[in-house]
Amino acid sequence: MSASSVILELNNADVRRGGVRVLDVPRLCLRQGEILCLVGPNGSGKTTLLLTLACLLERAAGELSFRGRTVADRAAVLAYRRSTATVFQEPLLFDSTVYANVAAGLKLRGTPRQQLRMRVEENLKRFSIAHLAHRAARKLSGGEAQRASLARALATSPDILFLDEPFSALDPPTREALLDDLEHVIRDTGIAVVMSSHDQAEALRLADTMAVMRQGLVVQAGPPEHIMNFPADEFVASFVGMGTVLKGRVIDAGSNMLRVAVADTMIECVGNIQTGRQVVLCIRPENVTLAAPGSHDGDSARNHFTGTITRIIPMGHFLKVQLDCGFFLATHITHHSREALGLVEGGTVVASFKATAVHLIPHA
Ligand code: ADP
């Protein structure tokens with residue numbers, strides 16, 4: 001990350017709520033045009049961190065810098081807030097028309113009339129609500145109201161947009177359509193975004209950077225794909241849907257190839273960890289393939305285990321299959337594969353995965 005592209009920086013943040021420390025973030029940066037998604041279970045501190053970054057929540061300690069300048073005194077805080085916009089889970093609209101709501105921030109800033117009208121119309125269009133301009137805000141559906149909130153937020157052309165669980169109150173099709181439009185607007189404007197979400201699919205879809213939170217700490221931050229495949233600890237592994245998380249011990253360490261004992265079995269992995277070390281093995285469900293017994297010969301995977309199917313769980317478009325191979329193993333398959341392989345609970349199957357599909361975390 002080049003220092004010059006950093007737009008917002010939070011250092012040594014300590015935030016207390018109800019007298020209790022609920023946020024402890026040594027350092028967090030946001031770059032120009034970056035979409036940063038804060039994810040984590042309920043109560044992990046996502047909203048607290050988002051509001052702290054938006055300077056809407058007081059810190060007990062710590063420093064916030066915007067474009068290289070400390071946001072310290074009241075004047076700096078007010079100037080900073082005018083460069084940002086925040087959208088919450090519940091749309092906070094005035095009891096007026098959609099047009100008036102979208103125009104509100106611009107009016108406050110004394111935007112000349114013609115420019116104001118242009119900006120309002122542009123943002124109504126961006127969020128496909130031009131036809132609702134003269135509708136009373138209180139008569140909007142949840143999805144329309146959130147579109148109006150987003151149009152209002154973007155009308156002032158903020159440098160940073162804060163979104164606190166903006167889609168969690170919406171039904172899936174409404175959310176999907178809004179996500180599409182928002183993604184388009186974000187990429188189009190190049191605005192920097194901080195968004196909180198407990199839905200990792202949402203985060204994966206939008207985020208350039210994902211920050212996983214637990215108990216007020218950012219436990220891992222980085223590109224979503226990296227976190228999905230290389231979680232830093234067991235908590236992150238479970239949160240990003242790793243599927244299989246096992247405890248084992250390195251028995252044999254060759255040149256970058258390891259044999260790891262898990263229960264009574266050996267799993268071959270790629271890595272550089274000393275013999276004798278305790279490790280956590282993580283295997284993503286999409287990296288485990290299933291075959292009928294005796295039919296897997298010839299594939300390049302190093303690990304093949306015969307197992308009993310303990311559960312088949314419908315997940316909509318796919319099925320989650322849980323196996324007992326002497327250790328727990330989970331995979332995802334399509335409905336078509338289930339039929340083709342004739343998989344049933346209690347049946348026997350061969351599970352295969354490559355040595356490179358195992359992510360190892362040395363145990364503390
Ligand atoms: P998240 O957004 O991840 O659900 P929050 O930031 O809302 O988490 O909460 C973080 C912690 O702060 C939780 O332990 C929560 O109970 C506590 N908390 C949040 N709001 C308040 C409040 N107004 N007063 C006291 N404690 C609060």
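This is a predicted model: local features need pLDDT of at least 70, side-chain atom pairs count only at pLDDT 80 or more; totals for chains, interfaces and linings use all residues.
Buried residues make up 48% of the chain, which has 364 residues.

**Exercise 1. Describe the overall architecture of the chain: how many helices and strands does the chain have, and what box do its C-alpha atoms fill?**

Solution. Begin with secondary structure: 10 helices and 20 strands are assigned. Next, consider the extent along the principal axes, where the C-alpha atoms fill a box of roughly 75 × 45 × 35 Å.

**Exercise 2. Characterise the shell around the ligand: which residues surround the ligand, and which helix gives the most to the shell?**

Solution. Step 1: list the shell. Arg17, Gly18 and Val22 belong to it, together with the run Pro41, Asn42, Gly43, Ser44, Gly45, Lys46, Thr47 and Thr48.

Step 1: assign the secondary structure. The greatest contribution comes from helix 1 (residues 46-53), which gives 3 residues.

Step 2: classify the residues. The shell holds 7 polar, 2 charged and 2 nonpolar residues.

Step 3: On the side chain of Arg17, a polar atom lies 3.4 Å from a ligand nitrogen.

Step 4: On its own the ligand has 560 Å² of accessible area, of which the protein covers 57%.

**Exercise 3. Describe the largest pocket and the second largest pocket: how much space lies in each, and how do their linings divide?**

Solution. Step 1: take the largest pocket, which contains about 630 Å³ of space. Its lining comprises 22 residues, and Thr84, Ala85, Thr86, Arg109 and Arg152 are the closest to the centre.

Step 1: trace the elements that build this lining. At least two residues each are supplied by helix 2 (74-82), strand 6 (84-87), helix 3 (98-108) and helix 5 (142-155). By class, the lining of the largest pocket has 11 nonpolar, 6 polar and 5 charged residues.

Step 2: turn to the second largest pocket, with about 150 Å³ of space. Cys55, Leu56, Leu57, Glu58, Arg59, Val71, Ala72, Val77 and Arg81 line this pocket. Its lining divides into 6 nonpolar and 3 charged residues, with no polar ones.

**Exercise 4. Examine the backbone of Asn12 and Cys55: where is each residue found, and is each buried or exposed?**

Solution. Most residues other than glycine have a negative phi.

Step 1: consider Asn12, found in strand 1 (residues 6-17). Its phi is positive, at about 50 degrees, although Asn12 is not a glycine. Asn12 has a relative accessible area of 56% and is therefore exposed, the cut-off being over 50%.

Step 2: consider Cys55, in the loop between helix 1 and strand 4 (61-66). Phi of Cys55 is also positive, near 60 degrees. With a relative accessible area of 7%, Cys55 is buried, because buried means under 20%. Cys55 is also one of the residues that line the second largest pocket.

Technical notes: Residues are numbered from 1 along each chain as its sequence is written. Side-chain values use heavy atoms; hydrogens and water are left out. A residue is near a molecule or strand if one of its heavy atoms lies within 4 Å of it. A polar contact is a pair of N or O atoms within 3.5 Å; within protein, one must be able to donate a hydrogen and the other to accept it, and residues adjacent in sequence count only if both atoms are side-chain atoms. Accessible areas come from the Shrake-Rupley method with a 1.4 Å probe; for residues, only the protein chains shown count as cover. Helices (H or I, at least four residues) and strands (E, at least two) are DSSP runs, numbered from the N terminus. Ala, Val, Leu, Ile, Met, Phe, Trp, Tyr, Cys and Pro count as nonpolar, Asp, Glu, Lys and Arg as charged, and the others, Gly among them, as polar. On a 1 Å grid over the protein atoms alone, a cavity is a set of points where a 1.4 Å probe fits but cannot get out, and a pocket is an open set with protein on both sides within 12 Å along at least five of seven lines; lining residues have an atom within 4 Å of a point. Grid points are joined across faces, edges and corners, and a volume is the space filled by probe spheres set on the points. Buried means under 20% relative accessible area, exposed over 50%, partly exposed in between (1.4 Å probe, protein chains only).
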